[in-house]
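Thanks for passing this one along. Here are my notes, in numbered points, to read with the structure open beside them.

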Amino acid sequence: MIKLGFPSLSTSIGQIPIEEAANIACEVIKEFLNSHKNDLDFQLILIDQDDQNLNVFESEWEKFRDSEESRFQMKLGNFAEIIIENKIGLKPDTTPLSKSLYEAIGSKLFEEIKRLYPKPGAIGEAYPVPIPPDNEFWKKGVKQIIYIISPNMNPSRPDPVSLEVAKNALKESYQSMLNAFWALKNGQQYIPKEQQSQEKSAFDVMMDFARNTFSTSKPKKKSSSTHIGSWSTVLLPYCEHPETFSNREVYSYDDNVVIIWDKYPKAKIHLLVMPRQKIDTLQELEKQDLNLIEILKQKGQQVIDHFKENDPKLVFRMGFHVLPSLRQLHMHVISQDFISETLSSKKHWNSFTTSFFKDIEEIEMLLKEKGQIKVCLGKYLLSLLKSPLNCHLCNTKEIKNIPTLKKHLEEHLNSDGQ
Ligand SMILES: [Zn+2]
Ligand SMILES: [Zn+2]
């Protein structure tokens with residue numbers, strides 16, 4: 001029995017409404033099962049951590065399924081755990097499991113996916129990657145991973161599209177996934193259609209996949225393991241006594257929020273927006289803090305609007321480091337030129353240009369949907385900081401070093417100015 005485990009595509013970070021997505025998925029799955037009526041030696045398993053999502057899928061599937069059909073199943077729980085459990089019958093054990101999945105996906109498979117698919121992938125396409133035989137996962141019966149580049153409607157993620165476009169691309173994504181699965185099941189090669197000029201590389205997609213998969217199931221509140229470096233308290237005095245600082249340090253403040261200039265700006269404009277109330281990290285946030293998030297967002301937007309008045313060409317992002325090095329929740333408002341004398345390391349660069357940086361919209365959405373912010377494995381996040389230097393504006397990958405990167409950024413600045 002060959003099994004395919006898959007998550008609900010594009011419905012969390014990708015923001016396709018679950019009802020629409022479930023309808024599309026069930027329709028494609030039904031078609032697929034119909035066209036392979038006599039093959040009973042496989043199973044498709046939808047895995048989701050959210051029982052509400054599964055309920056939507058279940059009621060949608062009721063409209064499509066034949067009463068005899070058992071080749072499509074749904075399971076509630078952690079993706080990686082269920083994969084292992086179903087392939088090999090091991091008891092799920094989060095820590096070594098996550099570790100082995102990380103090792104499978106994080107390093108060896110990363111090299112493999114780059115080798116197999118050097119060009120950026122196409123939305124709606126599937127990219128099978130065999131797990132190397134010396135890998136623990138392979139030994140435990142998991143032989144292939146299929147990367148899907150599914151559509152995105154989230155405006156704070158790359159290449160957002162409208163609902164209509166997303167629905168078509170989602171259908172293609174499920175079809176590609178099942179076609180790839182079918183080819184692999186029958187020992188054939190699946191060749192993705194010619195890769196297209198998407199900004200998003202298969203590598204980015206893999207990282208998204210990894211990030212979604214590795215969230216720990218029970219985040220610890222006030223845990224001391226959710227930051228890097230020494231847990232510095234330098235931000236606290238600004239929140240306690242903003243009135244004692246000059247306007248060269250404090251940009252503005254009120255009863256709820258204080259905004260300061262980042263002491264080591266990594267771009268032309270780089271400020272930090274913080275709540276006055278003491279909150280260490282994102283992990284402490286709960287649904288009731290959505291108000292606060294809204295306030296931070298509004299304040300950040302005011303800062304952006306102010307600076308864009310003087311320089312309309314400036315582009316900004318506002319968001320958080322997933323593993324911050326300073327105590328006290330602080331939202332970065334940072335212009336995307338990254339022209340800065342204090343930007344001097346790979347770590348600096350990757351902390352603002354990989355998924356180590358989470359946009360405020362993403363935090364808001366996670367809080368709305370899940371009621372909490374989960375943190376990935378620290379090891380995985382730290383590996384993001386060691387990623388190659390890729391340009392955040394164009395497709396230039398693996399820039400040699402920081403001076404070369406800086407030259408490259410200057411070129412963007414100059415050509416954008418024309
Ligand atoms: Zn920070
Ligand atoms: Zn570039």
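**Notes on the predicted model**

1. The zinc ion (ligand 2) has a tetrahedral arrangement, because its 4 donor atoms subtend angles of 104 to 117°. For four donors to count as tetrahedral, all angles must lie between 85 and 135 degrees. Ideal angles for four tetrahedral donors are 109.5 degrees. Please keep in mind that this is a predicted model.

2. Which residues coordinate the zinc ion (ligand 2)? They are Cys391 and Cys394, each through SG, together with His408 and His412, each through NE2, at 2.0 to 2.2 Å. Along the sequence, these donor residues follow the spacing C-x2-C-x13-H-x3-H. Cys391 has a relative accessible area of 6% and is therefore buried, whereas Cys394 is partly exposed at 22%. The cut-off that matters here is 20%, under which a residue is called buried.

3. Glu398 is worth a look while you are in this part of the chain. Glu398 belongs to the loop between helix H12 (378-385) and helix H13 (402-416). Its phi is near 50°, a positive value in a residue other than glycine. Most residues other than glycine have a negative phi. With a relative accessibility of 48%, Glu398 counts as partly exposed.

4. Gln15 is not a glycine, yet its phi is positive, at about 60°. Gln15 sits in the loop between S1 and H1 and is partly exposed, with 27% relative accessibility. I would be glad to hear your view of both residues.

5. Now for the other zinc ion. The zinc ion (ligand 1) has His330 and His332 as its protein donors, each through NE2, at 2.1 to 2.4 Å. Are these two histidines buried or exposed? Both His330 and His332 are buried. Water is not among the atoms, so a site may look incomplete.

6. On the overall fold, the protein chain has 13 helices and 11 strands. Of its 418 residues, 51% count as buried. Taking contacts between residues at least 6 apart in sequence, 71% join residues at least 24 apart.

7. The largest nonpolar core has 38 residues, and those touching the most other members are Phe6, Leu44, Phe57, Phe72 and Tyr174. Several elements each supply at least two residues of this core, among them strand S1 (2-6), strand S2 (42-48), helix H2 (51-64) and helix H6 (163-185). Which element gives the largest share? That is H1, with 10 residues.

8. Tyr174 is in contact with Phe6, Pro7, Ser8, Leu9, Ala25, Val28 and Phe57, leaving aside neighbours within four places in sequence. Leu44, found in strand S2, is buried, with 0% relative accessibility. Not counting residues up to four places away in sequence, Leu44 touches residues including Leu4, Phe6, Ile29, Phe32, Phe72, Leu178 and Phe181.

9. Phe6, Trp61, Phe72 and Tyr174 are linked into a cluster by ring pairs, and a search of the whole structure finds 14 aromatic pairs. The charged end of Lys185 sits over the ring of Trp182, 4.6 Å from the ring centre.

10. Ser70, in the loop between H2 and S3, is partly exposed, with a relative accessible area of 41%. Tyr127 is found in strand S4 (residues 126-130) and counts as buried, at 0% relative accessibility. Tyr127 and Ser176 are 49 residues apart in sequence, with 8.8 Å from C-alpha to C-alpha.

Terms used:
Residues numbered from 1 in each chain as written. Chains lettered and ligands numbered in written order. Predicted model: local features only at pLDDT ≥ 70, side-chain atom pairs only at ≥ 80, totals over all residues. Heavy atoms only, no water. Donors = N, O, S within 2.8 Å, 3.2 Å for Na, K, Ca; no water. Tetrahedral: all angles 85-135°; square planar, octahedral: opposite > 155°, others 65-115°. Buried < 20%, exposed > 50% of the residue type's maximum accessible area, 1.4 Å probe, protein only. Phe/Tyr/Trp six-rings, centres within 6.5 Å; stacked < 30°, edge-to-face > 60°. Lys NZ or Arg CZ within 6 Å of the ring centre and 35° of its normal. Core = buried A, V, L, I, M, F, W, Y, C linked by side-chain atoms within 4.5 Å. Helix = DSSP H or I, 4+ residues; strand = E, 2+ residues; numbered from the N terminus. Contact = heavy atoms within 4.5 Å.
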